[in-house]
Amino acid sequence: MKKSKLFSLIAMVLAVLMVFSACGNTSASKQAGSDGKAVTITYCNFNSSGGNEGTLDKMVAAFEAEHPNIKVDVETIGYEDYFTQMQTRVAGGTAPDCFELNIENFAAYANKGMLAEITGNFSGLNDAARNAFNVNGKQYGLPESFSNVVLIYNKDLFDQAGIAYPTDDWTHADLQAAAEAIRALGDNIFGIWQPISYNEFFKVAAQYGGALLNEDKTKFTINSAENLAAATTLIDRVQVSNVQPNAVQQGGMSDWDMFMSGRLGMIPTGIWAFQTFTENCDFAWDIVVEPGSTQKATHFFSNCVVMNPETKHPEEVSAWLTWLTSSTASADIRLEAGWDLPALKDLDALSSYLEITPPDNREAVFKSLDYLAMPPVIEDYALMSDIITQKLTAAADGTITVQEALDQAQAECEAQIKLG
Amino acid sequence: MDQKTKRKLKKQGSGLVLASPFLLPSLIGMLIFSMLPLIISGMISLTDWNGLDKLTDAAFFQDHFIGLGNYKDILTTSEFWRTLGNTAKYIVLYVPLMLICSLLVAYLLSRPRRCVGAFRVLYYIPVLTSWVAASLIWKSVLSPQYGALNGILEMFGITGPGWLLDEKWAMPAIVLVSVWKDMGFFGLILLSGIMAINKSYYEAADLDGANGWTKFLKITLPLLTPSIFYVLIVGMINAFQLFPQVMIMTGGGPNGATQVMVERIYNYGFRYYRMGYAAAFSWILFAIIMVFTAIQMKGQERWVHYDS
């Protein structure tokens, strides 16, 4: 009787100890910068995942060599999970000292006061890029890289159809004619594939002189006449002339796969496609600046790096972010790896980029910078883009007309999103 | 109180004291990871929190409190009722079909045949696959032009519909995939229910000259009603929480035809930065599920026979 009681007592104590050991303190790594020695800052990013982790490591090593008292701890999370994680960490107060954002989410974070102002010498940065992350005169983000969209075309298909290659002063009319000529080459061959999505829509709308919001972003202007013309151009390609495959004809194949299989004449897509197309296309291809209508408008995508207002080392973080975005050392490492383009003002520094082929006409990438159309970024960016993409896709599938799509998008955006 | 009862109570009491540290890990886990988030989510649903501001800020609740504003907003948008309608459409298609298929599976697997063991494994394998993997594969199988399903239908001369790309067929397609995946799980539960039926009932029926169909209708089904009740409740609760299939196969499309409750909650919470709204949405979903479960529980007195 006594022995079993002793056993149960010991077991009870052990169980209690086990419970309390699980609640032990995990030591949060806080580096003391007070002694003036090495300061460690944490940097979280998504853009290097999927192939460029080594490039980022090289940049960190080069930075640490120049600044021996600063160490950078890099964390890389894939794009899909990045924003959900970052949102949770910011809300929970465990965000890193500095991290990366894309242009859409930058507005949400900046407008909610989640970012600290970055100070430093930004003279080396491209003005348009830098202004994209400047809110009310304060620099809340630095453009880390930029990429844009150009028209990529299959030279072999153009030769087959016996038509001239696209030039930088093409308009939508020229584009349509060429697409129809290539479509006629076969049942399975299509002239062009341009995504019918929010991202493409605001750009093509700009090419027709339209916009999704009014000047001071207080009202939606989604169903304006110019926007209708833009949407009609995009959707008629699928529904009327069928130079672009509809969802069924595409059969689940991605647009890139379609182009690489040689069945697509033209595709406006990002310059980040160059590497993949170089490896996989067994036909000749080249690029031009995207055609416009009454004017040209091209995309501008940029990722920025931002600073956490709760950081204990703002000077060190500013030094790292400024170095990462505007130093020639960082730009050289980036260009050598072919990892996007640094947003530098001095385009001569990017000359090595122009020498890589294919494509031959790499100047088009820089020429496109003259016609940048910035995305209309509001706080409820994701909701607006989802609504518009949903309606445009329905119109592309033929379930509603283009006018109905724009009217419904206008109504839903007005109902669900409060502006200004 | 006499000595015997006193000793009995003392033994029970001391048993609880001895057991408490062993119960602590689970209790603490449940408190911290289930009860606490439940309470906090209830509080969040009364705010306009965007999911980014510091939750642990002292003045958080005062700054963001909007009372029942979120609930009012949700219940007055047409989007909520459309979403509820889509979820109801899924439930109405899924639950009966699931019941019939799992009954069929359970009945077939209850008959002693030679390779019935292998078949039991085969039917259960879909249950073990991850929803993500299954959704991706089925997405390509359901492709209208190049998918296997329409290919098979064409062999019989039927032109298959647009499945996930067609507004009218997207939800039935998701129901199909869900039934395929859950059939084994619920079938197994019903199978164990069938196996538990006393063989003497069947012997008595054979003596009375009953055929297979009558035996099924008059013996198997009534004695299976507890298991069927479980399948109905769990199936319905799961159906209300439909999520991975929709996110991967259709993303809520085409044109909002497959936007269901949890998909909306996810988007509002994590993509549109409206966490308070999403929290209120999830509490409304909770209330709806509770109501339907309560109705089911009440109804069980009518039609469930417990074989005592």
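## Contacts between chain B and chain A

Across the interface of chain B and chain A, 10 residue pairs are found in polar contact, with both residues of each pair at pLDDT 80 or more. The model is a predicted one, and every value in this report is to be read with that in mind. On the side of chain B that touches chain A, helix H1 (3-44) and helix H12 (261-271) of chain B each supply at least two residues, and H1(B) gives the most, with seven residues. Sorted by class, this side of chain B is made up of 19 nonpolar, eight polar and six charged residues.

Counted by residues, the interface brings 33 residues of chain B into contact with 35 residues of chain A. The size of an interface is often expressed as the accessible area that is lost when the parts come together. Between chain B and chain A the buried area is about 2900 Å², and carbon and sulfur atoms give 57% of that area. Three residues, B:Leu52, B:Asn255 and B:Tyr273, supply 22% of the area that chain B buries against chain A, which is more than any other three residues supply.

## Salt bridges

How many salt bridges does the rule find across the interface of chain B and chain A? There are two. The side chains of B:Arg271 and A:Asp386 meet in a salt bridge, with a distance of 2.8 Å from N to O.

Over all chains, the structure holds 14 salt bridges. Among them is a pair within chain A, where A:Asp127 forms a salt bridge with A:Arg130 and the closest N and O atoms are 3.1 Å apart. Both A:Asp127 and A:Arg130 lie in helix H5 (residues 127-132) of chain A, and they are three residues apart, about one turn of the helix.

## A pocket lined by both chains

The second largest pocket has a volume of about 870 Å³. It is lined by 33 residues, of which A:Asp380, A:Gln416, A:Ile417, A:Lys418 and B:Arg274 are the closest to its centre. Helix H18 (402-416) of chain A supplies at least two residues of the lining of this pocket, as do helix H3 (69-76), H4 and helix H13 (275-303) of chain B, each taken separately. By class, the lining of the second largest pocket has 13 charged residues, together with 10 nonpolar and 10 polar ones.

## Enclosed cavities

Rolling a probe the size of a water molecule over the atoms shows where empty space is left. By the rule applied here, the structure has three cavities of 30 Å³ or more. The largest cavity holds about 40 Å³ of space, and its lining consists of B:Val105, B:Leu109, B:Arg120, B:Tyr123, B:Tyr124, B:Gly184, B:Gly187 and B:Leu188. Helix H4 (78-110), helix H5 (116-128) and helix H8 (170-195) of chain B each contribute at least two residues to that lining, which divides by class into five nonpolar residues, two polar residues and one charged residue.

Which residues line the second largest cavity? They are A:Leu151, A:His172, A:Leu175, A:Gln194, A:Gln207, A:Pro268, A:Glu290 and A:Pro291, and the space in the second largest cavity is about 40 Å³. By class, the lining of the second largest cavity divides into four nonpolar residues, three polar residues and one charged residue.

Definitions and conventions. Residues are numbered from 1 along each chain as its sequence is written. Chains are lettered from A and ligands numbered from 1 in the order in which they are written. This is a predicted model: local features need pLDDT of at least 70, side-chain atom pairs count only at pLDDT 80 or more; totals for chains, interfaces and linings use all residues. Side-chain values use heavy atoms; hydrogens and water are left out. Contact means heavy atoms within 4.5 Å. Buried area is the accessible area (1.4 Å probe) that two parts lose on being put together, summed over both. A salt bridge is a side-chain nitrogen of Lys or Arg within 4 Å of a carboxyl oxygen of Asp or Glu. A polar contact is a pair of N or O atoms within 3.5 Å; within protein, one must be able to donate a hydrogen and the other to accept it, and residues adjacent in sequence count only if both atoms are side-chain atoms. Helices (H or I, at least four residues) and strands (E, at least two) are DSSP runs, numbered from the N terminus. Ala, Val, Leu, Ile, Met, Phe, Trp, Tyr, Cys and Pro count as nonpolar, Asp, Glu, Lys and Arg as charged, and the others, Gly among them, as polar. On a 1 Å grid over the protein atoms alone, a cavity is a set of points where a 1.4 Å probe fits but cannot get out, and a pocket is an open set with protein on both sides within 12 Å along at least five of seven lines; lining residues have an atom within 4 Å of a point. Grid points are joined across faces, edges and corners, and a volume is the space filled by probe spheres set on the points.
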